[in-house]
Amino acid sequence: VSCAPYRFLCLLPHYFCLLSFSICFFAFCFLASFPLFLFFFFFKQKTAYEMLRSLVGSEMCIRDSYQTGEIVPDALIAKLKAAQSFNQGFDTIEYTACALLDMAMHLTESFERFDLAEFEKSELDRIGMPQGIVMRHRPTHFQHLFSSSSYAAGYYVYLWAEVLDADAFAAFKQTGDLFHPETASACRKLIYSSGNSCDPAELFRKFRGRDPVIEFMLEKKGLASNATQPGQ
C-alpha cells in the first residue's frame with residue numbers, strides 16, 4: 001500500500017528520532033559543562049561579595065556618621081574591629097575540618113566495607129582536630145559531600161574566596177586609598193568583568209603580580225598581624 005498521501009505522517013518517526021537525538025546531545029553538553037561554569041561563577045561571585053564586605057566594614061567607611069556627621073570615636077572603631085575577629089579561631093577550625101574531610105572522602109578509592117564513623121574519627125585524628133571543637137557539618141548531614149558534582153570536593157572554596165578577597169583588598173589598602181582609581185580600574189577589568197574569559201588564577205596574577213597568599217586572610221580574621229609582605 002502506497003503511503004504517498006501520508007508521506008508527512010510516515011516521516012514523523014524520523015523527525016521525532018532526530019529531535020530526540022538533538023535534545024539529548026545538547027542536554028549532555030549542558031550538563032557536562034554546567035558544573036564547571038557554576039563553580040567558576042560561584043567562585044568569582046563569592047570573592048566579589050567578600051571584597052564588598054571588606055570595603056563596607058573598613059575603617060574609612062565607618063569613620064564618619066552619615067546621620068550626624070560626627071567622627072566615630074577611636075574607642076568605638078576598636079570595638080567594631082574586635083567584634084569582627086571574635087570567635088574566628090573556632091569558626092575557621094570547624095569549617096576547615098569539614099573541607100579537609102570532604103577532600104579526603106573524595107580521594108577514597110574504594111567504599112567497600114566503608115565505615116563512615118570510623119573514617120570521620122581517623123581523619124579528625126590525622127589533622128589534629130582540637131577536642132573542644134566539633135565539625136560544622138557531620139558527614140551524615142553534610143550535603144556538600146555528594147549532593148551534586150558542582151560541590152564535590154569543593155567545600156574549601158568558601159575559605160579560598162576569603163583568601164582571594166583579603167589579598168585583593170590589601171592591594172587597595174597598600175595604596176593608602178580604598179578608592180584608588182588605578183587599582184579600582186584593574187580590579188574591575190580583571191576581577192569583576194572578566195567572566196570566564198581566562199583562568200581565574202591567571203587573572204589574579206595579573207592583578208596582584210603573584211599568586212595569592214593566606215597572610216592577609218589570617219590578619220583579617222585576627223589570627224595574625226601585620227601581613228604586609230607576601231609569604232610572611
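Q: Which residue forms a salt bridge with Glu202?
A: Arg205 does, with the closest N and O atoms 3.3 Å apart. Keep in mind that this is a predicted model.
Q: Where do Arg205 and Glu202 lie?
A: Both are in helix α8, three residues apart, which is about one turn of the helix.
Q: What about Asp167 and Arg210, how far apart are the N and O?
A: Their side chains meet in a salt bridge at 2.8 Å, N to O. The pair links distant parts of the chain, with Asp167 in helix α6 and Arg210 in the loop between α8 (200-208) and α9, 43 residues apart.
Q: Why does Asp167 count as buried?
A: Because its relative accessibility is 0%, and buried means under 20%. Arg210 counts as buried at 18%.
Q: Switching topic: how many salt bridges does the structure hold?
A: Ten. One of them pairs the side chains of Lys221 and Glu162, at 3.2 Å from N to O.
Q: Where are Lys221 and Glu162 in the chain?
A: Lys221 is in the segment after α9 (215-220) and Glu162 is in helix α6 (residues 157-173), so the pair links distant parts of the chain, 59 residues apart.
Q: And Lys221, buried or exposed?
A: Lys221 counts as buried, with 8% relative accessibility. Glu162 counts as buried at 18%.

Technical notes
Residues numbered from 1 in each chain as written. Predicted model: local features only at pLDDT ≥ 70, side-chain atom pairs only at ≥ 80, totals over all residues. Heavy atoms only, no water. Salt bridge = Lys/Arg side-chain N within 4 Å of Asp/Glu carboxyl O. Helix = DSSP H or I, 4+ residues; strand = E, 2+ residues; numbered from the N terminus. Buried < 20%, exposed > 50% of the residue type's maximum accessible area, 1.4 Å probe, protein only.
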